Amino acid sequence: MFRNARTLVRGLPHAPAALRQMRMFWRGYTTWRFNKLWTTSIKPMDTPYQTNPLRLFFEAHKEGPGIWKWQHYFDIYDRHLHRFKDRAVCVLEIGIYSGGSLEMWRNYFGPLSEIYGVDIEPACEAYQSDSVKVFIGDQGDRNFWMRFKNEVQDIDIVIDDGGHLPEQQIVTFEELLPHLRPGGVYICEDIHGTLNTFAAYVYGLAQNLNAGDRGQENANNNERCLVYGASAVQSAVRSIHLYPFMTVVERTETAISELVSTKHGTQWQPFLK
Ligand SMILES: C[S@@+](CC[C@H](N)C(=O)[O-])C[C@H]1O[C@@H](n2cnc3c(N)ncnc32)[C@H](O)[C@@H]1O
């Protein structure tokens with residue numbers, strides 16, 4: 001009770017800014033919700049449809065262990081994951097179901113990869129093999145993740161395709177994001193609903209990428225004209241990507257200590273000081 005009151009008092013100075021933010025959130029949400037302006041300028045995604053190896057694997061996979069994916073995910077996967085192909089990469093997929101996606105990841109990342117699967121259903125143990133290790137547990141249970149992390153020290157890629165409830169997605173994200181190797185990629189799938197609470201959680205996280213109020217300004221036009229100490233999130237998170245039903249978070253390769261704005265050149269207009 002005392003802690004809540006103290007939190008409330010600490011938060012009060014930020015209340016006007018928070019209200020302005022909520023107004024702008026609502027404006028962005030309602031302005032574009034039914035606006036068809038952009039549908040005429042759709043461009044193809046990075047990887048051409050026909051050459052995406054994940055899509056080709058999926059299209060050719062007509063029999064055997066089932067794979068269940070939204071079709072537009074294949075281009076997003078390839079965009080963020082192709083740099084890990086044929087490397088000694090550790091990949092974890094939460095949500096095994098009928099085992100086919102674990103085969104797909106192994107095929108995509110190659111023989112050097114280690115593939116881990118997690119599912120709440122004991123029947124999924126059947127998909128353990130020489131190249132795939134299966135863990136049975138509840139992704140919403142922090143104790144399960146503690147046991148998992150004791151066994152698996154290194155993870156480069158997480159694909160959360162499990163229970164899809166926001167609380168499960170949040171617990172899993174909080175347990176595994178700090179566990180990702182530098183440069184790792186975290187994918188959370190099936191974030192459905194415009195006012196989804198996992199999405200709200202990600203928007204909150206993303207706010208920290210814009211933090212920059214501890215800056216030091218050097219008035220001269222020099223190499224380091226604006227220097228901000230990096231926040232904890234800026235130090236560890238390289239980028240956050242939003243796609244239909246999917247969020248991708250990429251970790252930095254090394255911890256960032258500062259963000260620096262630089263000017264090169266000798267001739268400058270006088271209107272900006
Ligand atoms: C959509 S299916 C996974 C599909 C699979 N990745 C594929 O691409 O074919 C979701 C799986 O998540 C599992 N699941 C549901 N709740 C879970 C939980 N709390 N923890 C771990 N797995 C869970 C289900 O048993 C189911 O096998």
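Predicted model: local features only at pLDDT ≥ 70, side-chain atom pairs only at ≥ 80, totals over all residues.
Colleague: What percentage of the residues of the chain count as buried?
Modeller: A residue is buried if 20 or more other C-beta atoms lie within 10 Å of its own, exposed if 12 or fewer, and partly exposed in between, with C-beta atoms placed from the backbone. The C-alpha atoms fill a box of roughly 65 × 55 × 40 Å along the principal axes. Of the 273 residues of the chain, the buried part is 24%.

Colleague: In what order do the strands of the open sheet lie?
Modeller: Strands of a sheet pair through backbone hydrogen bonds, either parallel or antiparallel. Two strands count as paired here if DSSP finds at least two bridges between them. The edge strands, strand 3 and strand 8, each pair on one side only. With mixed pairing, the 7 strands have the order 3-2-1-4-5-9-8.

Colleague: Which residue is the bridge partner of Ile159 in strand 5?
Modeller: Strand 4 and strand 5 pair in the parallel sense, and their pairing extends over 5 bridges. The bridge partner of Ile159 in strand 5 is Ile187.

Colleague: Why do the buried residues of helix 4 lie on the same side, and what arc do they cover?
Modeller: In helix 4 (residues 73-81), the buried residues are Tyr73, Phe74, Ile76, Tyr77 and Leu81. The arc is that of the directions from the helix axis to the C-beta atoms. These residues are on the same side of helix 4 because the arc is only 165 degrees.

Colleague: Which strands does helix 4 touch when it packs on the sheet?
Modeller: Axes are lines fitted to C-alpha atoms, for helices over the stretch in contact, and angles run from 0 to 180 degrees between N-to-C directions. Contact between two residues requires their C-beta atoms, placed from the backbone, to lie within 7 Å. The direction of helix 4 makes about 5 degrees with that of strand 9. The strands touched by helix 4 are strand 4, strand 5, strand 8 and strand 9.

Colleague: At what angle does helix 5 run to strand 1?
Modeller: The buried residues of helix 5 are Ser101, Leu102, Met104, Trp105, Tyr108 and Phe109. They cover an arc of only 155 degrees, which means that they lie on the same side of helix 5. These residues pack against helix 3, strand 1, strand 2 and strand 3. Helix 5 lies across strand 1, strand 2 and strand 3, and its angle to strand 1 is about 160 degrees.

Colleague: Which residues of helix 8 meet helix 7?
Modeller: The axes of helix 7 (residues 166-176) and helix 8 (residues 197-207) come within 8 Å and cross at roughly 35 degrees. From helix 7, the residues involved are Pro166, Gln169 and Ile170. Their counterparts in helix 8 are Thr197, Phe198 and Tyr201.

Colleague: Is Tyr116 buried or exposed?
Modeller: Tyr116 lies in strand 2. Leaving aside neighbours within four places in sequence, Tyr116 is in contact with Val91, Leu92, Lys133, Phe135 and Val152. Because 21 other C-beta atoms lie within 10 Å, Tyr116 is buried.

Colleague: What phi does Tyr97 have?
Modeller: Most residues other than glycine have a negative phi. Tyr97 is in the loop between strand 1 and helix 5, and counts as buried with 20 C-beta neighbours inside 10 Å. Although Tyr97 is not a glycine, its phi is positive, at about 55 degrees.

Colleague: Where is His164, another residue with a positive phi?
Modeller: His164 is not a glycine, yet has a positive phi of about 70 degrees. With 18 other C-beta atoms within 10 Å, His164 is partly exposed. Its place is the loop between strand 4 and helix 7.

Colleague: Which residues around the ligand are the closest?
Modeller: A residue is near a molecule or strand if its C-beta atom, placed from the backbone, lies within 6 Å of it. In total, 21 residues surround the ligand. The closest are Gly95, Tyr97, Ser101, Gln139 and Gly163.

Methods
Residues numbered from 1 in each chain as written. Helix = DSSP H or I, 4+ residues; strand = E, 2+ residues; numbered from the N terminus.
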